[in-house]
Structure formats: C-alpha cells, structure tokens
Amino acid sequence: MNLEALEQLLQDTKANAEQAIAAADSIDALRSAESKVLKGPLADALKNIKQFDAADRGRAGQSINAAKKDVQMLFADAQTKLMSADVASERKKSADFDPTLPPPLKRRGAFHPVTAVQREVERLFRGLGFAVVGGPEMETEFYNFEALNIPEMHPARDSQDTFWLTNGWLLRTHTSPCQVRAMQRFGPPMRVIAPGRCFRYEAIDASHENTFFQLEGLLIDKDISIAHLIAFMKLLLRQVFQRDVEVRLRPGFFPFVEPGFELDMSCAICDGKGCPTCKRSGWVEILPCGMVHPNVLRHGGIDPHEYTGFAFGLGLTRLAMMKYGVGDIRILNSGDLRGIVHPDRLQGERIA
Ligand code: PHE
C-alpha cells in the first residue's frame with residue numbers, strides 16, 4: 001500500500017463511521033459499531049505498517065493514528081448527543097410528579113466498596129511511613145507516558161487506549177504519572193501512595209470499565225531490592241483479606257519498571273475454579289509492580305546510581321470486587337449497590 005491508497009482508506013473509514021453513527025439508535029449499537037469500524041481496515045493498516053516504504057512509515061503511522069482519533073471523537077460526540085436526548089425524554093416523563101406520594105424510605109449510608117478498600121490500604125501504608133498524595137485526572141502526555149519511559153510511537157501507548165482531550169492533554173490511563181510528580185515534589189528517600197480514578201477507552205464488560213480506580217505505590221531509598229517489593233506486596237494482600245492469599249508472580253512488561261512483574265491472586269469470586277471475572281483462568285491480575293526504571297528516576301531528578309526503588313499499581317476496583325465478591329465491574333459504577341453484602345458490617349446487612 002502507498003500513502004495515496006492509505007488516504008483513500010482513511011476517508012472511507014471516516015465515511016463508514018459517519019454512516020454507522022447515523023444508523024445507531026442506542027449507546028450499545030454505537031459502541032459495537034465503533035469497535036467494528038476501529039477493528040477494520042484501519043487496524044489492519046497499522047498492523048501491516050511494514051508494507052509501506054521505510055520513508056513513508058512514520059507519516060503513515062501518524063495519519064492512521066490521527067484518523068483513529070477522529071473516528072473516536074465522532075463516536076464520542078454521537079454518544080454524548082444520544083445520552084442528552086435520553087435525559088431530556090426522562091425529564092419530560094417526570095413532569096407529572098406527584099407531591100402527595102410518601103417520601104422514599106431513608107436508609108443509612110455506607111462507603112462505596114472501592115472507597116472502603118482504598119481507606120483500608122491507605123491506613124496500612126500510612127502505618128508504614130507512606131504519604132498519601134493525589135494527582136490530576138487530566139494529565140499531560142509527559143507525565144502519563146514520556147516521563148514513564150514510554151516515548152511517542154512506543155507500542156505500549158496502544159495498550160493503554162487513551163481518552164485524548166482537545167487541548168492535547170489526556171485523561172490519565174493509570175496512576176503512574178503520580179510517580180514522577182512525587183519524585184519532583186519530595187526527592188529521595190521517599191514513600192508515597194497515590195490512589196485515584198483512571199480512564200481507558202475500552203469496551204465495557206464484566207471485568208473492564210472505562211473508569212476505574214488504582215492505587216500507585218512508590219518507595220525509593222538506598223539499597224532497595226525485589227525482596228522488599230515482594231514483602232510489601234504480601235503484607236498488603238494479607239491485610240486486605242485478613243488471611244494468606246494465594247498469589248503468583250509472573251514477569252510483566254511495563255516500560256517504567258525493570259524488572260517488572262504481574263502479581264496475580266487466586267480469584268475470590270470462584271475460589272480459583274474459573275468464572276467470567278477471571279476469564280476462566282482462576283487468577284486475577286491485581287498488582288502489577290516492579291523496580292523503578294533508571295530513566296524514570298532520572299525524569300524525577302533522582303540519581304539511579306545512588307537510589308533504587310519499587311513501584312506498584314494496585315487495581316483498587318478489582319481488589320474491591322475480590323473482597324466484596326462483586327462478579328461484575330459494571331455494578332460498582334452503577335449507583336445501585338443493593339446486592340452487595342458489606343463484610344465489615346453486621347452479618348447479612350446490605351450495603352445500601
Ligand atoms: N501503571 C500500570 C498500569 O496501569 C501498572 C503498574 C504500576 C505497573 C506500577 C508497574 C508499576 O498498567
């Protein structure tokens with residue numbers, strides 16, 4: 001394929017997207033149309049980028065990515081429109097509001113499961129000398145990618161499908177941007193955790209949401225080794241589950257740690273037997289971690305010859321699912337938590 005043919009293909013793709021949007025009459029229809037359009041020739045062209053002359057490859061890649069972004073924006077706009085139309089018609093229905101009806105029963109409130117787990121983990125780490133910090137949900141490319149050793153055109157950027165903002169910023173795809181921010185703010189030695197909301201442009205199913213919570217941890221000091229990392233991770237899981245949890249450590253690739261690990265725990269929904277939440281594997285990825293990459297330390301203004309450290313990105317939402325036995329992540333963002341039994345409260349008492 002050459003650049004001209006590509007241009008045609010990109011135009012066709014956009015035309016397809018517009019047609020699909022015009023035909024879609026529900027959010028679900030929009031979503032499935034979108035993934036169809038994005039998985040089509042556009043994805044193929046990116047996969048087969050090698051078929052372009054070496055001199056054209058950079059430009060081809062850029063135009064494909066730009067077209068992908070355009071298509072995503074088209075769908076995002078269409079979705080917003082569809083949603084506001086829904087809200088307007090709901091409002092109309094409630095115009096015949098009846099003031100003589102008895103008020104709804106008052107119920108006692110409780111923390112959202114994610115908040116409950118977050119507070120518990122915060123309490124543990126505060127006790128271990130960690131500071132709890134925050135970071136912006138709207139991030140710059142620098143902190144979300146560049147400073148984390150993920151340069152432009154690095155394939156790892158694709159694995160974190162990103163909501164881009166029109167001003168060139170983005171919605172953070174993980175809490176890891178807090179790492180370099182914290183290094184710049186505190187300097188070594190340091191221990192911080194940073195819980196927060198993250199966003200990914202993902203199709204939603206029982207175990208994936210476009211909005212979820214992580215808790216980043218970072219410890220930097222002299223002579224920190226993998227043994228420290230593992231000891232902290234075990235302590236963390238034991239504290240949250242109040243028992244020894246079966247875990248396994250696999251090598252995992254994240255550009256900002258070396259070596260990197262994927263720490264899985266035995267799925268608490270099915271007791272490791274296999275269910276939709278753990279994709280029938282019996283294991284759930286819950287705690288990616290590793291030793292901070294020297295380049296990341298340098299970006300934070302720390303000398304990697306003098307200091308080492310570890311970082312982890314605890315999946316708070318997943319952890320809450322495991323702890324409270326929530327088999328479907330969508331429930332946690334639904335605003336209706338009545339089915340969840342809160343183990344911290346009286347036996348059998350519902351959360352809301
Ligand atoms: N930020 C990574 C992610 O969300 C997880 C991670 C954090 C991995 C810290 C290693 C160390 O995919």
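Me: How many helices and strands does the protein have?
Reply: Happy to start there. This is a predicted model, in which local features need pLDDT of at least 70 and side-chain atom pairs count only at pLDDT 80 or more, while totals for chains, interfaces and linings use all residues. Residues are numbered from 1 along each chain as its sequence is written, and side-chain values use heavy atoms, with hydrogens and water left out. Helices (H or I, at least four residues) and strands (E, at least two) are DSSP runs numbered from the N terminus, and the protein has 12 helices and nine strands.

Me: What share of the residues of the protein count as buried?
Reply: Buried means under 20% relative accessible area, exposed over 50%, and partly exposed in between, with a 1.4 Å probe and protein chains only. The C-alpha atoms fill a box of roughly 70 × 60 × 40 Å along the principal axes. Of the 352 residues, the buried share is 44%.

Me: At what angle do helix 5 and helix 11 pack?
Reply: Two packed helices are described by the angle between their axes and the distance between the axes. Axes here are lines fitted to C-alpha atoms, for helices over the stretch in contact, and angles run from 0 to 180 degrees between N-to-C directions. The axes of helix 5 and helix 11 are 9 Å apart, and the angle is about 100°.

Me: Which word describes helix 5 relative to helix 11: parallel or perpendicular?
Reply: Angles under 35 degrees count as roughly parallel, over 145 as roughly antiparallel, 65 to 115 as roughly perpendicular and the rest as oblique. With an angle of about 100°, helix 5 is therefore roughly perpendicular to helix 11.

Me: How far apart in space are Ala 116 and Ala 320, C-alpha to C-alpha?
Reply: Ala 116 lies in helix 5, and at 13% relative accessibility Ala 116 counts as buried. Contact means heavy atoms within 4.5 Å, and both residues are listed where helix 5 meets helix 11. They are 204 residues apart in sequence, yet their distance in space is 8.2 Å.

Me: Which residues of helix 11 does helix 9 meet?
Reply: Helix 9 (residues 226-241) and helix 11 (residues 316-324) pack at about 45° with axes 11 Å apart, which means that helix 9 is oblique to helix 11. From helix 9, Leu 237, Val 240 and Phe 241 take part, and their partners in helix 11 are Leu 319, Met 322 and Lys 323.

Me: What arc do the buried residues of helix 9 cover?
Reply: The buried residues are Leu 229, Phe 232, Met 233, Leu 236, Leu 237, Val 240 and Phe 241. The arc is that of the directions from the helix axis to the C-beta atoms. These residues lie on the same side of helix 9 because their arc is only 145°.

Me: Is Phe 130 buried or exposed?
Reply: Phe 130 sits in the loop between helix 5 and strand 1 (131-132). Not counting residues up to four places away in sequence, Phe 130 touches residues including Phe 125, Arg 191 and Phe 232. Its relative accessibility is 5%, so Phe 130 counts as buried.
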